[in-house]
Amino acid sequence: MRDFILQWLESFIPQKAAVDRFERMRASVGALFGILLTGLLSVSVLPHEAAVWLIAPMGASAVLLFAVPASPLAQPWSLIGGNLVAALVGVTCARLVAEPFLAAALAIALAVACMFALRCIHPPSGAVALTAVLGGPAVHAMGYGFVLAPVLLNSFLLLATALFFNNATGRRYPHAQQNEHRHNMHRTADAAPTTRLGFSHDDLDAVLRRYNQVLDISRDDLEEIFLQTEMEAYRRRFGETVCADIMSGDVVAAEFSTELAEAWRLMREHRLQALPVVDRARRVIGIVTKTDFLQHAGPHDYQHLGDKLRAFLQRTPHTHSIKPEVVGQIMSAKVRTASVYLPIVQLVPLMADEGVHQIPVIDDEKRLAGMVTQADMVAALYVNNLARASTGLRAVAS
């Protein structure tokens, strides 16, 4: 019985937060500036005789906006819509219901119902509704003006601070849905490759419907956490194979000033689909593919494609030319790179779902160290699975 009571008491102790000191400090500083600027600007905007210039629920909103900006409860529409509807409901209940306790209860109940209907659930908005009912004669005298100032004014000022601060400190805000569907890049009815064996979008939706509770995490974050967990489990089962283990080290590369004909010759001679483009320090500045050559050769007319490509590769004898002459003029500057220490399992979604066929690998000094292709990935995953099967067979035999 004693052990049961101790376990029951321990269940009230929250788990340790999985965030570092920087994130805690970032959230604290954000809340400081958010409330400080909201209060100062509200005082300067509102008339000096204003009864209320900063309401207490803004403190709770600041916790959400700066400490958990990824939460669906902390998004702009949740803040503005939730506070607005709660203030309207609270003022209405205070005017129509004489008994304060009944008015307060009705205000909370109706505010929650409206927030569900408008998809703007924001917990501090419940305190806004209570403030409208129990705020005293000064708040009651403001009537529906309380909705505009201070509620709507405070909400907009706090939101503006959160938009600036969170993005300036590396937090995506608003935290809009990013991966609601993992589309097939070929625009066919098939699911994306990584979802054909793992859980699908519909699987997650079915589980969430059965769970039937409001989660304080966005759907795309939940899906991403599951995917990362699958990758972590794969690394635990199969070991940590990194890019340096499977990459091609003898890499054929081009420079910005490499002529187009020379780059095309290198690609044909070495049977390559792409060339990384490097500077003199061997740092990757772009990548050029056969597709880049074909796109710049002119409109797709396959009967004359060879002639157009030859004309495109031919060097212009004049000093000035409107036609691209070197690799740097047709390369893709936004190139995906991977560290030599990156586990190859993290490249699977990139290559399978996004259609990236080859990825330059860089070392600690950002210099080109190798290339990983889809063929390298297939070989590595095959060997890892073969090794696992052999281990299982030996275990059965023994």
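A residue counts as exposed here when its relative accessible area is over 50%. Lys366, at 52%, therefore falls in the exposed class. That cut-off comes back below, in a model that is predicted throughout.

Of its 398 residues, 38% are buried. Among contacts between residues at least 6 apart in sequence, 64% link residues at least 24 apart.

In soluble globular proteins, nonpolar side chains tend to be buried together. Here, the largest nonpolar core takes in 38 residues, and Ile55, Leu65, Phe66 and Phe146 have the most contacts inside it. Two or more residues of this core come from each of helix H3 (57–67), helix H4 (76–96), helix H5 (100–118), helix H6 (124–134) and helix H8 (145–168). What does Phe66 touch, leaving aside residues up to four places away in sequence? The list begins with Arg26, Ala27, Gly30, Ala31 and Gly34, and goes on to Leu158, Thr161, Ala162, Phe165 and Asn166.

An α-helix has 3.6 residues a turn, so residues three or four places apart point the same way. Which residues of H5 are buried? They are Ala103, Ala104, Ala107, Ala111 and Met115. These cover an arc of only 95° around the axis, so they sit on the same side of H5. The cover over these buried residues includes H4 and H6. On the face of H5 turned away from the buried side are the exposed residues Phe101 and Ala117. Phe101 has a relative accessible area of 69%, so it counts as exposed. Between Phe101 and Leu130 there are 9.9 Å from C-alpha to C-alpha, with the two residues 29 apart in sequence. Just after H5 comes Arg119, with a positive phi of about 55°.

Two cis peptide bonds can be described next. One runs from Ala149 to Pro150, with omega near 20°, and Pro150 has its place in helix H8. Another joins Tyr173 and Pro174, with omega about 5°. Where does Pro174 lie? It is in the loop between H8 and helix H9 (193–197).

Turning to the strands, S2 (274–278) is mostly covered, with five of its five residues buried. In a regular strand the side chains alternate between the two faces of the sheet. In S2, Ala274, Pro276 and Val278 point one way while Leu275 and Val277 point the other, and all are buried. Strand S1 (residues 254–255) pairs with S2 in the parallel sense over two bridges, and Ala254 stands opposite Val277. The pairing of S2 with S3 is antiparallel and runs over five bridges; here Ala274 has Thr289 as its bridge partner in S3.

S2 and S3 make a hairpin with five residues between them. Arg282 is in the turn of this hairpin and has a positive phi of about 65°, in a residue other than glycine. Is Arg282 buried, partly exposed or exposed? Its relative accessibility is 35%, so Arg282 counts as partly exposed.

The remaining sheet is open and has three strands in the order S4-S5-S6, with mixed pairing. Its edge strands are strand S4 (338–339) and S6, each of which pairs on one side only. S5 and S6 are antiparallel and paired over five bridges, with Gln358 opposite Thr373 in S6. Lys366 is in the loop between strand S5 (358–362) and strand S6 (368–373). Although not a glycine, Lys366 has a positive phi of about 65°. This is the residue from the opening, exposed because its relative accessibility is 52%.

Note on methods
Residues are numbered from 1 along each chain as its sequence is written. This is a predicted model: local features need pLDDT of at least 70, side-chain atom pairs count only at pLDDT 80 or more; totals for chains, interfaces and linings use all residues. Side-chain values use heavy atoms; hydrogens and water are left out. A nonpolar core is a set of buried Ala, Val, Leu, Ile, Met, Phe, Trp, Tyr and Cys residues joined through side-chain atoms within 4.5 Å. Buried means under 20% relative accessible area, exposed over 50%, partly exposed in between (1.4 Å probe, protein chains only). Helices (H or I, at least four residues) and strands (E, at least two) are DSSP runs, numbered from the N terminus. Contact means heavy atoms within 4.5 Å. The arc is that of the directions from the helix axis to the C-beta atoms. Two strands pair if DSSP finds at least two bridges between them.
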